Amino acid sequence: MDVLAIQTRLKALGFNPGPLDGDPGPQTARAVLAFERSKGLAPDGRIDQAMVSALFAGLDFKEPPWLTAARKDLGIREGVGAADNPLVVKMFAEAGHPEIKHDSVAWCAAAVGAWLKRAGIKGTGSLWALDYMKWGVPLPGPILGAIAVKKRQGGGHVTFVVGASSGRVFCLGGNQSDSVSIAAYDASVFAYRWPAGVRIPSPALPLPKTISGARAGVSET
């Protein structure tokens with residue numbers, strides 16, 4: 001769970017967590033304890049699911065629809081050998097490039113464009129991942145569903161944020177080792193964007209700190 005988001009919410013509700021530093025120290029624990037008592041929860045000072053649910057109750061924390069669309073495609077892989085997976089080829093068409101008929105073409109931007117379109121949002125219309133560096137509006141850091149863009153040798157990569165912890169960010173994207181998968185990256189290599197005209201959640205939904213099955217060192221070519 002994102003301790004900084006929890007500290008920020010506690011402070012907004014009048015419970016003093018101390019410095020907003022992401023460190024669940026004694027002062028934050030005392031603020032959690034006071035909050036639990038105010039809500040009739042078991043007062044143990046722990047950040048658990050019951051406490052977090054009560055803390056963020058009444059706020060609209062639905063997962064961004066483009067991320068929900070992406071989750072449905074988890075596990076899709078490129079075709080074997082010369083074969084092409086029609087589900088990947090369909091992403092090119094949805095992203096505005098029906099002329100692309102082979103999944104051997106780098107498709108991370110096609111996947112992002114397709115998932116955004118399914119959510120009723122216009123992407124860049126480009127297959128160049130780095131074009132997302134100037135798309136939408138900038139974010140100061142990762143939040144759930146943020147569009148994450150980074151440079152790599154020979155080009156770039158674009159993907160969606162699904163978790164973050166200790167300088168790492170977990171991203172769900174296409175063309176991550178030839179599949180739609182969740183991968184772990186160094187958070188500092190990314191720029192984070194959000195669709196223009198779509199409200200940025202404030203405070204943001206706490207991000208998972210671990211993602212089961214997330215792989216490091218994936219290929220994006």
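## Glutamate 94 and arginine 118

Glutamate 94 and arginine 118 bring their side chains together in a salt bridge, with a distance of 2.6 Å from N to O. This pair links distant parts of the chain, since glutamate 94 belongs to helix H5 and arginine 118 to helix H6, and the two residues are 24 residues apart. The structure discussed here is a predicted model, and the distances and accessibilities in this report should be read with that in mind.

The side chains of glutamate 94 and arginine 118 are also joined by a polar contact of 2.6 Å. When neighbours within four places in sequence are left aside, glutamate 94 is in contact with Ala114, Lys117 and Arg118. Glutamate 94 counts as buried because its relative accessibility is 18%, and buried means under 20%.

## Arginine 118 and aspartate 73

Arginine 118 forms a salt bridge with aspartate 73 as well, and here the closest N and O atoms are 2.8 Å apart. This pair, too, links distant parts of the chain: arginine 118 is in helix H6, which covers residues 108-118, while aspartate 73 is in the loop between helix H4 (65-71) and helix H5 (86-94), and the two are 45 residues apart.

Aspartate 73, at 11% relative accessibility, counts as buried.

## Glutamate 220 and lysine 150

Another salt bridge is formed where the side chains of glutamate 220 and lysine 150 meet, at 3.2 Å from N to O. Glutamate 220 lies in the segment after strand E7 (215-216), and lysine 150 lies in strand E2 (residues 147-152), so this pair ties together parts of the chain that are 70 residues apart in sequence. Both glutamate 220 and lysine 150 are buried.

## The salt bridges together

Side chains of opposite charge can pair when their charged atoms come close. How many salt bridges does the count give? The count comes to four salt bridges, and among them are the pair of glutamate 94 with arginine 118, the pair of arginine 118 with aspartate 73, and the pair of glutamate 220 with lysine 150.

How values were computed. Residues numbered from 1 in each chain as written. Predicted model: local features only at pLDDT ≥ 70, side-chain atom pairs only at ≥ 80, totals over all residues. Heavy atoms only, no water. Helix = DSSP H or I, 4+ residues; strand = E, 2+ residues; numbered from the N terminus. Buried < 20%, exposed > 50% of the residue type's maximum accessible area, 1.4 Å probe, protein only. Polar contact = N/O pair within 3.5 Å; in protein donor to acceptor, adjacent residues only side chain to side chain. Contact = heavy atoms within 4.5 Å.
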